[in-house]
Amino acid sequence: MILPLGFRAAGLPRHDRPRPSRHGLAIFYSEQPASAAACFTTNQVKCVHIPLDQARLRSGYAQVVLINSGCANCCTGKRGIREAEKTIDWAAASLGVSRQSILVASTGVIGDFMPMDLLADEIPMLSKRLLGPDGGLSSSFHKAAEAIMTTDTKVKIAQATLRLDGKTVRLWGCAKGAGMIHPAMNQTGEARTPAALRGAHATMLAFLFTDLAAEAKILQPMLNAATDRSFNRVTVDGDTSTNDSVFILANGRSGAGLRSAADRAAFQSALDELCIDLARQMAKDGEGASKFLEIRVQGARTAAEAQRMAEVVATSPLVKTAAHGEDSNWGRILAAMGRSGVRFDPSRVDIAFGRLFVFRQGAPTSVSADKAREPLKAREVTLNIFLHQGQASGVYWTCDFTGQYVDINARYRT
């Protein structure tokens, strides 16, 4: 595993507990204060950790990220704020850092209170483990990535290296998310359009670490761009969570900075690819999913229109259930396109399952229904839409809808 210099981690996944529990705990730590930036959900209903983190991020620095899973600490009133602040106090005392340098994140059931009896013991215990000789090992980072999982079935990790200024720069990131996944994040957390609470649990969280030397004012726009190109292009069920957050810490230990436009472009590309990798892993691990779907719209007038159309197709329950049943019902794709709000001429549209065209220039092709089903039998399926009205393109990543998704979410609290 590629790990950035000067970072440590420790995690207590649910399955490592002496008794059954849905709670996990993870800590990431930089051996020196690091430049920090983040993007947060635009849902109007926000969990406790977001305003706490936004206040701390005004300094541009952080040293610790403390994450609990199993409890979203959202809609918990003043008690939730007090409990989050208490966990920060425990971590500051255990790690010997300023409480203002600690960022927090939560994921799990909305309305539940923090498991303070567990955290009172586990934060000091995990901090001691983190500061020990094993805190910088790959296995420790893997444990931390496990500990943030809720309904996830797989750990989601990505890594990259690049050469800048004659030095090696390392990036490592992990994420969680399998349900209530339709991120819409930005720097401020202010909704571009009104959003409402549409679900009751789960979230996406991502934590990115690099030994690059860069100030927060440089990192933030780069993270904004990477988020728009990755996490904001993935959906499982169309529900935007109250807790969605992505963080990046850069501690400068590589000694390499961004000295030129070419350096910035190279780091931006590496960051984009890392985030895209994590976003795709979330879609592949969607609750109950049996297929990964990539929706590609090409030939649109603008990138915004292409992206909007791809999003509507990706969130269509009819498209997603047809994909699960391997039903070559391209009419459902066209119907979703038609309600996207994007103007287009249906008589010029082409639709292909992978490379197999099933609809051309406003009419079905001669491909039989049985042959059209063949591309849909794959574990990963690309739906290609060609509008023939411009040069812009867009992409969205999602998964199919299965009966297991309904089972998971019908009994999530019980």
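**The open sheet and its surroundings**

Author: In this predicted model, helix 9 (residues 330-338) lies across strand 11 (350-353), strand 12 (356-360), strand 13 and strand 14. The helix runs at about 130 degrees to strand 11.

These strands belong to an open sheet of six strands, arranged in the order 13-12-11-14-10-15 with mixed pairing. Strand 13 (363-364) and strand 15 stand at the edges, and each has a single partner strand, so one side of each is left without a neighbour in the sheet. Within it, F292 stands opposite C399 of strand 15. Helix 7 (residues 303-314) also packs on the sheet, where it touches strand 10, strand 14 and strand 15. The direction of helix 7 makes about 20 degrees with that of strand 15.

Between strand 14 (380-386) and strand 15 (392-399) there is a loop that contains H388. This residue is not a glycine, yet its phi is positive, at about 55 degrees. H388 is partly exposed, its relative accessible area being 35%. A positive phi is also found at C75, again not a glycine, with a value of about 60 degrees. C75 is placed in the loop between strand 3 (61-71) and helix 2 (77-95).

Another strand may now be considered. Strand 1 (residues 7-12) is mostly covered, with six of its six residues buried. Both of its faces are covered: F7, A9 and G11 are buried on one side, and R8, A10 and L12 on the other. Strand 1 runs antiparallel to strand 2 (residues 24-41), and six bridges join the two. In this pairing, G11 stands opposite A26 of strand 2.

D53 lies in helix 1 (residues 49-57). It is buried yet has no salt bridge. The nearest side chain of opposite charge is that of R56, 5.9 Å away, whereas a salt bridge requires the charged atoms to be within 4 Å. The side chain of D53 does, however, reach the backbone nitrogen of V104 at 2.9 Å. Apart from neighbours within four places in sequence, D53 is in contact with F40, L103, V104 and F247.

Methods:
Residues are numbered from 1 along each chain as its sequence is written. This is a predicted model: local features need pLDDT of at least 70, side-chain atom pairs count only at pLDDT 80 or more; totals for chains, interfaces and linings use all residues. Side-chain values use heavy atoms; hydrogens and water are left out. Helices (H or I, at least four residues) and strands (E, at least two) are DSSP runs, numbered from the N terminus. Buried means under 20% relative accessible area, exposed over 50%, partly exposed in between (1.4 Å probe, protein chains only). Two strands pair if DSSP finds at least two bridges between them. Lys and Arg count as positive and Asp and Glu as negative; His and the chain ends are not counted. A polar contact is a pair of N or O atoms within 3.5 Å; within protein, one must be able to donate a hydrogen and the other to accept it, and residues adjacent in sequence count only if both atoms are side-chain atoms. Contact means heavy atoms within 4.5 Å. Axes are lines fitted to C-alpha atoms, for helices over the stretch in contact, and angles run from 0 to 180 degrees between N-to-C directions.
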